[in-house]
Amino acid sequence: MSNKYQAMNIPPAANERGGFEFLRCAIIDGELHLTLRPVFNQPDDWGRSFAENAHQDRFPEAETLTRISSAFEAEMKAPPGHDSTVGPIG
């Protein structure tokens with residue numbers, strides 16, 4: 001892994017019409033770090049945001065839903081402020 005931070009591109013629509021980020025996540029030495037702007041008025045909006053990100057062709061949809069649900073439940077039961085780790089990218 002490179003020592004240089006690899007930021008993602010700004011979405012073209014944001015360059016055209018403006019907007020704001022509400023979530024930025026980074027993996028640093030295997031640990032998940034994030035910055036969050038609390039913008040949603042309802043928890044359902046978080047669910048829609050997570051679902052939009054989960055829809056990908058990398059894993060079968062049923063497996064993706066099961067694994068995300070299991071990880072979410074485990075993280076919600078963990079004490080606040082614990083270190084979160086993620087697997088390697090790729």
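Mentor: Happy to! Let's start with Ile27, which lies in strand β1. Helices (H or I, at least four residues) and strands (E, at least two) are DSSP runs, numbered from the N terminus. This is a predicted model, where local features need pLDDT of at least 70, side-chain atom pairs count only at pLDDT 80 or more, and totals for chains, interfaces and linings use all residues. Residues are numbered from 1 along each chain as its sequence is written, and side-chain values use heavy atoms, with hydrogens and water left out.

Trainee: How many helices and strands does the chain have, and in what pattern?

Mentor: The chain has 3 helices and 2 strands, following α-β-β-α-α along the sequence.

Trainee: Is Ile27 buried, partly exposed or exposed?

Mentor: Buried means under 20% relative accessible area, exposed over 50%, and partly exposed in between (1.4 Å probe, protein chains only). Ile27 has a relative accessible area of 38%, so Ile27 is partly exposed.

Trainee: And where does Ser49 fall, buried or exposed?

Mentor: Ser49, found in helix α2 (residues 43-54), counts as buried because its relative accessibility is 10%. In the chain, buried residues make up 6% of the 90 residues.

Trainee: Which residues is Ser49 in contact with, leaving aside its neighbours within four places in sequence?

Mentor: Contact means heavy atoms within 4.5 Å. With those neighbours left aside, Ser49 is in contact with Phe22 and Phe40.
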